[in-house]
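Thanks for asking me to look this one over. My comments follow as numbered points, so please read them with the structure open beside you.

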Amino acid sequence: MKLNVLNRRSVLGAALAGFSFLSATVAYSATTITIWCWDKEFNGATMKEAGARYAKAHPDVTLNIVDFAKPDMEQKLQAQLASGTTDGLPDIVLIEDYGAQKYLQSFTKDFEPLSDTKAIDYKNFAPYKVALSTVAGKTYSLPFDSGDSGLFYRSDYLAQAGYKAEDLNNITWDKLIEIGKAVEAKTGHKMLDLDLNDDGIFRIMLQSAGGWFFTPDGKSDITSPAFKAALTQYAKLMQSGIYKPVSGWADYTGGFTSGEIASTVTGVWIVGTIKSKPDQSGKWAIAPTPRLDGVKGAVNASNLGGSSWYVLSSAKNKAPAIDFLAQIWGKDKDFYQKILIGQGAFGTFLPAREGDAFKASDAFFGGEPVWLNFSNWLAQIPPVNFGTFTNEADAAVDAQIAGLAKGGSVDDAIKAIDAQLKQQMQ
Amino acid sequence: MAQAPGKTTLTGWLFKGPALTLLAFFMVYPILSSLWMSLQVGKGMNFSFGGFANMWRLTQDAVFQQALLNTLTLLVVQVPIMISLALLMAVALNDPSLKGRALFRTAIFLPCVTSLVAYSVLFKSMFAFDGVVNRFLEALHIVDQPIPWLSDAFWAKTLIILAITWRWTGYNMIFFLAALQNIEPSIYEAARIDGIPRWAQFQKITLPALIPVVLFTTVTSTIGTLQLFDEVNTITPLGGPSNSTLTLSLYIYQLSFKFMPSFGYAATVSYVIVLLVMILSFIQFVVARERRRP
């Protein structure tokens with residue numbers, strides 16, 4: 001009988017202990033932060049790294065990183081914000097700098113003003129990045145990367161055609177066309193692959209001359225000399241025949257990762273994609289962006305893209321999301337070194353610049369101190385105000401590209417773009 | 001024993017009630033609401049009454065005019081080709097002496113059960129600059145340079161027409177087949193005995209009997225082509241080279257979800273489509289009525 005009482009009490013005790021342990025675990029349940037981004041090799045990969053670091057101190061937090069194609073994600077986001085339903089929206093979303101003001105001004109209430117939380121010290125970020133996500137004195141983003149551009153080329157193909165690294169340093173676009181023809185003649189590889197529906201290279205040319213679609217106060221600036229020079233050069237490039245026409249992101253990246261195309265001119269964020277083929281290590285090199293000839297003030301530096309992380313007001317896990325951004329993206333210098341080497345993520349977190357990675361050489365790119373080069377070029381990029389109508393401007397330019405490729409008049413194209421843009425901006 | 005007319009009417013209305021309520025909510029209200037929205041101007045959610053401002057904007061908008069031209073061009077070229085093709089195939093497949101009719105019928109109808117996006121994606125990759133189609137054409141020496149399907153205005157439109165025709169010919173063919181089965185074969189026998197040639201038989205016997213079906217398929221094809229979106233959005237999402245494959249529906253989508261949203265103007269463009277559908281359907285009905293009168 002004594003044994004029975006002991007057994008019952010111990011069983012009861014064990015049950016109570018088990019129950020309280022269970023409830024404690026339930027209370028300590030996992031938080032999942034949902035994030036939308038668009039490049040598995042680049043921004044998706046940087047988020048994964050950030051998540052892994054944050055999990056060390058907060059093991060209950062996991063990230064759900066959803067990968068989209070960029071235009072699909074932008075349209076899905078805009079469609080949902082316009083409809084007013086917040087079901088299915090993520091906690092954190094990546095928005096490209098060109099469209100930041102469009103979203104913030106159209107849907108101000110849907111984004112969380114991170115400057116209000118005081119969790120992030122914006123003095124640590126590049127001023128231009130903070131400015132482009134600020135509306136009415138409130139800043140909405142965690143600034144991420146700059147689209148510092150460069151000429152990424154296969155040093156082995158160029159060597160085969162007789163060109164060394166010095167031959168590609170600070171060249172003009174005309175020189176690039178000349179090199180492209182020689183490379184194709186000697187190696188059979190086309191120099192570039194261009195999507196004729198995407199005016200990315202045109203934007204690089206335009207910003208390298210200090211021009212943009214809009215003036216700083218938001219009016220259309222299509223008739224400026226920088227615009228005309230960029231469009232003329234772009235038409236020349238398209239008539240040069242040194243490129244393979246592609247359609248869409250997969251086609252474009254497939255061109256140079258497969259070894260078919262010899263080079264590409266684009267933002268530093270392409271490094272993640274280039275490095276996804278480790279067997280090509282040592283065969284790539286990076287030169288400064290080609291320069292526009294005949295425009296005063298044109299430089300061998302420009303920008304394509306660049307994005308920032310935003311938190312949605314409707315986020316289910318807003319506080320953990322903001323804390324995650326503030327702790328890793330807003331403070332962790334070591335994190336920025338890792339994503340620089342791994343993905344070419346050129347963050348705009350200024351204290352990270354003192355880190356070792358920013359000064360190191362990269363064996364993948366022929367042992368050159370590429371990140372130091374990108375830092376120098378970053379300082380030279382002519383600053384422009386992207387405005388709120390970049391999509392409309394892009395559409396206006398895209399509509400003229402095919403005509404220009406066939407040899408159409410640049411002045412007519414400019415008039416058409418100006419008319420279309422003014423019409424869409426009302 | 002007949003009930004009092006009032007009571008019958010009430011019962012009738014009670015039966016119709018739920019369906020009418022649903023229709024009112026999900027069809028009538030959105031239609032009226034979008035009509036109201038087409039009178040609003042403003043970016044994003046900042047609406048303000050604009051009266052006829054959007055209609056004035058239509059006349060000034062070169063992109064809209066291009067989209068309208070593209071849509072009408074596709075209509076004028078694609079619909080007659082498709083209907084004629086469907087008609088010919090139906091007449092051919094109606095011939096009892098043809099072997100493997102069931103197989104042909106299934107094969108021609110099979111495209112209609114494919115998903116619009118799936119087949120558009122396949123067409124896009126098949127007609128890429130170095131895709132299957134170009135390689136095939138080059139191998140047969142039909143062309144010596146690959147055709148720039150996706151980068152040339154003319155070829156992009158051709159590609160869209162090819163895609164739509166492939167997709168919908170079978171659908172219309174089935175309607176014609178069904179109508180053909182309704183014609184008495186004895187009429188054809190009598191005509192054959194009288195020595196009337198096949199082409200005259202087709203003209204005088206087959207066609208008049210098919211007028212109602214031709215009218216139906218032409219009207220539905222017109223409506224479908226006027227609203228064309230899925231194919232152009234998948235194959236040429238940015239409107240194609242020089243906006244050559246920008247249709248009205250794609251333009252509406254761009255205005256609402258790609259650019260700084262102008263929902264009021266987008267609603268106005270959608271009413272242009274409504275107007276076009278109304279006009280074209282009316283014309284086609286009138287023409288059919290004329291032909292039916294002997």
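This is a predicted model: local features need pLDDT of at least 70, side-chain atom pairs count only at pLDDT 80 or more; totals for chains, interfaces and linings use all residues.

**Notes on the model**

1. Chain B has 12 helices and two strands. Going along the sequence, their order is α-β-β-α-α-α-α-α-α-α-α-α-α-α. The radius of gyration of chain B is 24 Å, whereas the globule rule gives 19 Å for 294 residues, so chain B is more spread out than a compact globule.

2. Along the principal axes, its C-alpha atoms fill a box of roughly 80 × 75 × 30 Å. Buried residues make up 30% of the 294 in chain B. Among contacts in chain B with a separation of 6 or more, 70% are between residues 24 or more positions apart.

3. A word on confidence before you zoom in. The mean pLDDT of chain B is 89, and 96% of the residues score at least 70. Within chain B, helix α5 (residues 116-126) has the highest confidence, at 94, while helix α12 (residues 263-292) of chain B has the lowest, at a mean of 87. For the model, ipTM is 0.76 and pTM is 0.82.

4. Next, please look at where the chains meet. The contact involves 26 residues of chain B and 26 residues of chain A. On the side of chain B that touches chain A, α3 (62-94) and α11 (248-258) of chain B each supply at least two residues. Of the elements there, α11(B) gives the most, with three residues. Sorted by class, this side of chain B has 15 nonpolar, seven polar and four charged residues.

5. Turning to chain A, the domain assignment gives domain 1 (31-147 + 304-380) and domain 2 (148-303 + 384-424). Their C-alpha centres lie 25 Å apart. Domain 1 of chain A brings 33 residues to the contact, and domain 2 of chain A brings 33 residues. On the domain 1 side, α4 (97-106), β6 (141-154), β11 (303-311) and α15 (370-380) of chain A each supply at least two residues. That side of domain 1 of chain A has 15 nonpolar, 12 polar and six charged residues.

6. The largest nonpolar core deserves a look of its own. Which of its 172 residues touch the most other members? They are A:Met205, A:Ala230, A:Tyr234, B:Tyr251 and B:Val269. Both domain 1 (31-147 + 304-380) and domain 2 (148-303 + 384-424) of chain A give residues to this core, so it lies between them.

7. A:Ala395 sits in helix α16 (residues 390-405) of chain A. Is A:Ala395 buried or exposed? A:Ala395 has 23 other C-beta atoms within 10 Å, and the cut-off for buried is 20 or more, so A:Ala395 counts as buried. From A:Ala395 to A:Asp199 the sequence separation is 196 residues, yet the two are 9.0 Å apart in space, C-alpha to C-alpha.

Notes: Residues are numbered from 1 along each chain as its sequence is written. Chains are lettered from A and ligands numbered from 1 in the order in which they are written. Domain bounds come from an automatic or database domain assignment. Two residues are in contact if their C-beta atoms, placed from the backbone, lie within 7 Å. Helices (H or I, at least four residues) and strands (E, at least two) are DSSP runs, numbered from the N terminus. Ala, Val, Leu, Ile, Met, Phe, Trp, Tyr, Cys and Pro count as nonpolar, Asp, Glu, Lys and Arg as charged, and the others, Gly among them, as polar. pLDDT is the predictor's confidence in each residue, from 0 to 100. A residue is buried if 20 or more other C-beta atoms lie within 10 Å of its own, exposed if 12 or fewer, and partly exposed in between; C-beta atoms are placed from the backbone. The radius of gyration is taken over C-alpha atoms; the globule rule is 2.2 Å times the number of residues to the power 0.38. A nonpolar core is a set of buried Ala, Val, Leu, Ile, Met, Phe, Trp, Tyr and Cys residues joined through C-beta atoms within 7 Å.
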